[in-house]
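Visitor: Please show me the structure, and then take me through it one question at a time.

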Amino acid sequence: MNALSVRGLTKTYGNGVEALRGIDLDVERGDFFALLGPNGAGKTTLIGIITSLVNKTGGTASVFGHDIDRELEAAKACIGVVPQEINFNMFETPFTIVVNQAGFYGIPRTVARERAEKYLRQLQLWERRNSMSRGLSGGMKRRLMIARALMHEPRLLILDEPTAGVDIEIRRSMWDFLREINARGTTIILTTHYLEEAETLCRNIAIINGGRIVERDRMSSLLRRLHVETFVFNLRTPLAVAPALPGYVTTLIDDHTLEVEVSKEENLNDIFARLSALGIEVLSMRNKVNRLEEIFMRLVEGRGAHGEPVREGSAQPAATPRTRARVGTPS
Amino acid sequence: MSSVAQPAAVPIRLSVVRWVGFRTIVIREYGRIIRIWGQTIVPSVVTAVLYFAIFGSLIGRRVGSMGGFDYKQYIAPGLIMMSVITNSYGNVVASFFGAKFGKHVEELLVSPLPNWVIVGGYAAGGLVRGLLVGAAVTVVSLVFTHLHVHHLLVVLMALLLTSLTFALAGFLNALFAKNFDQVNWIPAFVLTQLTYFGGVFYSVSLLPPWARSLSYANPILYMVNAFRFGFLGVSDVDVGGAFALMAAAALVLYVLAVGLMNRGTGIRE
């Protein structure tokens, strides 16, 4: 049984906007799943339908086998959701908010108080438990929403951009926390604009664009399909023009920074050898963007993971590759 | 941040979820009423003091008796009922619209609580405030006049049904409201007028026939008179009919509110 199973899900809003155009998606039990897409792609609508905040137009969805049309209460009892926007009562304290939320899921008050202490401590909010919530920092508010979503210990946790606006230190500690939750068996669906976050945490991924799933794969398989990566080299001595490296696209960003596009068939040793032969000394090197970001941009721009066009409504890359255009290549 | 969540393994008991959820909504509403007591309890008490001081003590002396009772005694049940009506309505409309506006209504909408429990919880919250304020205004009334209870069950039932009816009406207002103006519109331009013309300060027997006929179309007249009957034993309307009307109104409003919630009116896209 899947944690989430969605078939032919469609949503057309009253103003005629088609937010979802037939989504099919399965998320396995215990998975840490990334649902990515640009703004307006349909991610939040999809989550809204699953959590019953949005009425669907067509299709079916079930959570741990509970169909949301026939067993809505049972389906919702399995889900914990951390929404994109802050949605707790700013005039209540964190302790009250989480205890009440547990009550809405049928957790008795004595148990709820114990859990409130446990989760507020784990999310470093215990010291602020009796403060008015509006006074919490942005990161604290995000953590409070996570604590609230965990109070009924859901089997499926849906996180809609949980680390937006959170500083890097807190973000990384939240990653560790989410990994632990997942390791204990909770299925997690994560949407985020921090692609490094998805790449680091998630085992499987779907990319949604224009209301359709345009890619669905294991994270590792998808990353392996990345055909071209761009590396940035910091040089010891300045260059006036980009060096000509046969077979590579090179771009001189400034006199000490060189970008080189490297395809899967080529290797870095060869580039280093060629640069050394030209007397160019490399001080350091990094990826221009992370690998998932590179694939993501290609997919949402309709070029596929290899740079090929994507068929509308297809979760698979199109069969016919096309040559990528060279942009800004001075060599 | 370290260690935690266990996925729920035991099957949920929906009846327990519903009962605990209902209680939680009521406890949360009670907490809100007490937290902002300066806004929820005090204004009605102050208003009641003013009414008793001005209409009861100053003008009432010249009015003499009404329905065979001292004027202050006659208006006391009406003033208590007026505070119950406005507070039951006001509590639900403000709380539920506030939850919509602040988006924390989503806490309930994503939970496994069915809509009939959510509506029931908010209505019970309105009832709690109606009863609290009603009790406070009753205490004020006792300072100014003597109140004899003629029929306790009638008093309690009238209080309960009226409060419930207006709490549910407030819920409907909050469902349809898109901004704060629409929250205030009904209380300011409908409720106040109906209450003042609902026999709080006078007996409809004093009105000319056309005005009396018109008054019988006002549901608040039945509520105030049923309540007054419980205290004084006099009424301008048939008390049995008044209870039937109140029960029917509460039921219709409840069914309507749950139906609209199920459709997603005002809460879902």
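Visitor: Which residue follows α9(A) and has a positive phi near 80 degrees?
Guide: This is a predicted model: local features need pLDDT of at least 70, side-chain atom pairs count only at pLDDT 80 or more, and totals for chains, interfaces and linings use all residues. Residues are numbered from 1 along each chain as its sequence is written, while chains are lettered from A and ligands numbered from 1 in the order in which they are written. Element names rest on DSSP runs, counted from the N terminus: helices are H or I with at least four residues, strands are E with at least two. After helix α9(A), the residue with a positive phi near 80 degrees is A:G279.

Visitor: How many of the 10 residues of α9(A) are buried?
Guide: A residue is buried if 20 or more other C-beta atoms, placed from the backbone, lie within 10 Å of its own, exposed if 12 or fewer, and partly exposed in between. Helix α9(A) covers residues 268-277 and lies largely in the open, because its number of buried residues is one.

Visitor: Which residue just after α3(A) takes a positive phi?
Guide: The phi in question is about 80 degrees. The residue is A:G106.

Visitor: Which element of chain B gives the most to the side that touches chain A?
Guide: In the interface, 32 residues of chain B are in contact with 42 residues of chain A. In chain B, α1 (14-35) and α5 (106-109) each supply at least two residues of that side. The element that gives the most, with eight residues, is α1(B).

Visitor: Why does the radius of gyration of chain B agree with a compact globule?
Guide: The radius is taken over C-alpha atoms, and the globule rule is 2.2 Å times the number of residues to the power 0.38. Along its principal axes the C-alpha trace of chain B spans about 75 × 35 × 35 Å. For 269 residues the rule gives a value near 18 Å, which agrees with the radius of chain B, 20 Å.

Visitor: How many helices and strands does chain B have?
Guide: From the N terminus, the order of elements in chain B is α-α-α-β-β-α-α-α-α-α-α-α-α. The count comes to 11 helices and two strands.

Visitor: Is B:F69 buried, exposed or partly exposed?
Guide: B:F69 is in strand β2 (residues 69-70) of chain B. Leaving aside neighbours within four places in sequence, B:F69 is in contact with B:Y74 and B:L232. Since 18 other C-beta atoms lie within 10 Å, B:F69 is partly exposed.

Visitor: Which residue of β14(A) stands opposite A:V232?
Guide: Strand β11 (residues 228-235) of chain A pairs with β14(A) in the antiparallel sense over five bridges. Opposite A:V232 stands A:R286.

Visitor: Which residue takes a positive phi in the hairpin of β4(A) and β5(A)?
Guide: Strand β4(A) is joined to β5 (residues 66-67) of chain A by two bridges, running antiparallel. In this pair, the partner of A:S62 is A:D67. Two residues lie between the strands of the hairpin, and the residue with a positive phi, near 50 degrees, is A:F64.

Terms used:
Two residues are in contact if their C-beta atoms, placed from the backbone, lie within 7 Å. Two strands pair if DSSP finds at least two bridges between them.
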